[in-house]
Amino acid sequence: MAKKKDKTYRAGAYKRLSQDDGRGEVSNSIINQTELIKDYGKSHSDIEIVAEYDDDGYSGTNFDRPGFLRMMEDIKAKKIDCVIVKDLSRFGRNYIEVGKYIERIFPFMGVRFISINDNYDSEGKKGESDSLILPFKNLVNDAYCRDISVKIRSQLDIKRKKGECISAFAVYGYQKSQEDKNRLIVDEYAAEIVQTIFRMKLQGINQQRIADFLNDNGVLSPLEYKKSIGLKYSTSFKIHPVALWSVNAINRILTEEAYTGVMAQGKTSTPNYKVKTQIAKKPEEWIRVEGTHEAIIGFRDFQTVQELLKRDTRTAPEQKELYLFSGYLFCGDCKNSMVRKAVPSGGRKYFYYVCSTNKHKKGCSSHSVSEKKLTDRVFRAIQGQIETVCRMDEFLTYIDTLPEHQRTVFNYDAQMEQLRQEIQKYRRMKMKLYEDLSDGMIDEKEYQEYRGSFSKRISEKEQALERLEHERKEAVEGNRSSNLWIQEFKKYRNVPELNRQVVTTLLDRVMVYEEGKMEVVFRYADEMAMLLEKIGNYQSDSEMPELALAQ
């Protein structure tokens with residue numbers, strides 16, 4: 001037993017175990033550290049262990065740990081004046097921070113520091129080697145932590161790229177599979193709530209009214225629902241004793257891409273293993289994998305909602321829904337939005353839309369149009385477009401019933417054969433160039449120029465051949481999958497009146513000009529133009545019936 005000294009130190013036993021330090025191994029356990037430190041205290045009469053501080057499951061890369069912080073408060077309060085650890089790695093793995101505490105902070109505060117396995121005692125006799133060995137051990141611990149961090153980051157990226165869910169909890173609407181914790185399965189109850197939220201948004205109801213509806217009907221918010229099914233989930237978004245639905249909660253759901261079956265991960269990262277502050281990454285840097293789980297929301301509905309969220313909209317006073325044309329009506333000249341105003345006359349109110357620029361006296365002209373006239377004309381335009389699309393669909397159905405050779409009216413096979421012959425011709429010409437160079441018919445400069453020109457032509461012809469092969473396949477198969485937008489129009493064929501959902505689904509914008517002129521711009525305009533061109537080619541190259549398009 002060591003010789004009793006004049007001063008008895010009131011010691012604190014500090015123990016730490018991170019999640020990556022091999023749980024279950026007795027040599028690294030908190031219990032083992034406790035026993036080792038207590039045995040050390042018993043063998044040193046000048047030390048009395050009066051407190052214990054544990055950080056179970058905390059990294060050693062920083063000192064933002066509850067047990068460590070409590071120990072530092074006790075040091076400041078003069079409750080302890082000695083710190084004992086099993087070894088330096090248990091105290092911390094940050095080379096700079098560990099050195100700062102051992103060499104500066106503890107000596108300044110009059111605190112004795114003991115690392116048992118490193119045979120280090122700040123009050124003991126120090127050899128010349130201590131000034132080298134101790135920093136070197138700290139540096140080794142720091143390097144170990146850096147190596148572990150790199151390996152973990154690499155492994156997590158591999159999992160993300162494979163589409164495996166690595167988050168602790170599934171996004172609201174899903175659960176983690178019992179068989180595979182990295183796979184999401186649909187939570188039927190929560191998924192129905194998600195679908196309700198998207199449906200209400202498409203109907204023109206704003207986020208606050210959606211949140212009010214869910215709260216009024218006793219629907220548990222995502223946090224409360226997770227707690228109700230036994231998950232130990234917490235969030236910084238909670239501001240009330242019982243978390244309620246809010247605008248932010250609705251927005252998080254409306255913008256969550258996971259509902260379309262896409263796993264998007266790696267949205268945030270830390271600069272390095274020492275800095276734990278999360279930094280948001282650009283969307284193009286996210287790791288996205290499609291089709292990793294069952295979709296709750298259709299891709300087109302999701303895209304429509306994203307467009308709605310970007311538009312400038314307002315809710316009608318004392319109503320639950322937005323104005324019919326909110327975010328879709330623009331002045332044809334200045335391109336700014338049109339605003340709704342009421343004009344009282346004869347005890348009644350008449351509603352008009354006017355240019356916002358003109359209303360605020362910043363130029364342009366009023367472009368005034370009555371709400372009734374606007375609604376009637378837009379509704380007629382939509383009905384006409386729906387009929388056109390339905391006729392196009394009938395025409396495509398007719399094409400699908402024809403034999404393969406009748407569907408390939410562009411004579412793809414002949415065009416493809418011609419391209420193959422041209423590719424072979426340029427390849428032969430390219431091969432002959434070397435002979436011409438050897439025979440002195442062309443010089444080195446001409447050889448390189450001709451060779452580059454032939455290579456370019458071969459590449460162009462090969463790309464054209466690839467495009468034709470793809471088009472031929474589409475013609476044979478009817479290309480029905482890429483024309484799913486047609487169904488968006490067909491489902492409103494018999495709608496009795498114009499409503500917000502029809503507007504948000506089918507319209508891109510409505511432009512209002514002077515003298516009552518209007519331009520209705522529909523969604524899927526590019527897809528429709530391509531399909532019309534294809535149908536026109538079918539009609540001109542065959543004896544198929546003409547497609548009468550609505551004007």
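**Helix packing and ring pairs**

Biologist: How do α6 and α9 pack, at what angle and how far apart are their axes?

Modeller: In this predicted model, helix α6 (residues 188-202) packs against helix α9 (residues 247-254) at an angle of about 95°, the axes being 10 Å apart. Axes are lines fitted to C-alpha atoms over the stretch in contact, with angles running from 0 to 180 degrees between N-to-C directions, and helices are DSSP runs (H or I, at least four residues) numbered from the N terminus. The two are therefore roughly perpendicular (65 to 115 degrees).

Biologist: Which residues in α6 and α9 meet?

Modeller: Val 194, Ile 197, Phe 198 and Lys 201 in α6 meet Ile 250, Ile 253 and Leu 254 in α9, where contact means heavy atoms within 4.5 Å.

Biologist: Switching to rings, how many aromatic pairs are there?

Modeller: The count comes to 24 aromatic pairs, with ring centres of Phe, Tyr and Trp (its six-membered ring) within 6.5 Å; planes under 30 degrees apart count as stacked, over 60 as edge-to-face and the rest as tilted. Phe 91 and Tyr 101 form an edge-to-face pair, 6.1 Å centre to centre with 85° between the planes.

Biologist: Is Phe 91 buried or exposed?

Modeller: Phe 91 is buried, at 0% relative accessible area, and Tyr 101 is buried too, at 13%; buried means under 20%, exposed over 50% and partly exposed in between (1.4 Å probe, protein chains only).

Biologist: What are the ground rules for the values?

Modeller: Residues are numbered from 1 along each chain as its sequence is written, and side-chain values use heavy atoms, leaving out hydrogens and water. Local features need pLDDT of at least 70 and side-chain atom pairs count only at pLDDT 80 or more, while totals for chains, interfaces and linings use all residues.

Definitions and conventions:
Angles under 35 degrees count as roughly parallel, over 145 as roughly antiparallel, 65 to 115 as roughly perpendicular and the rest as oblique.
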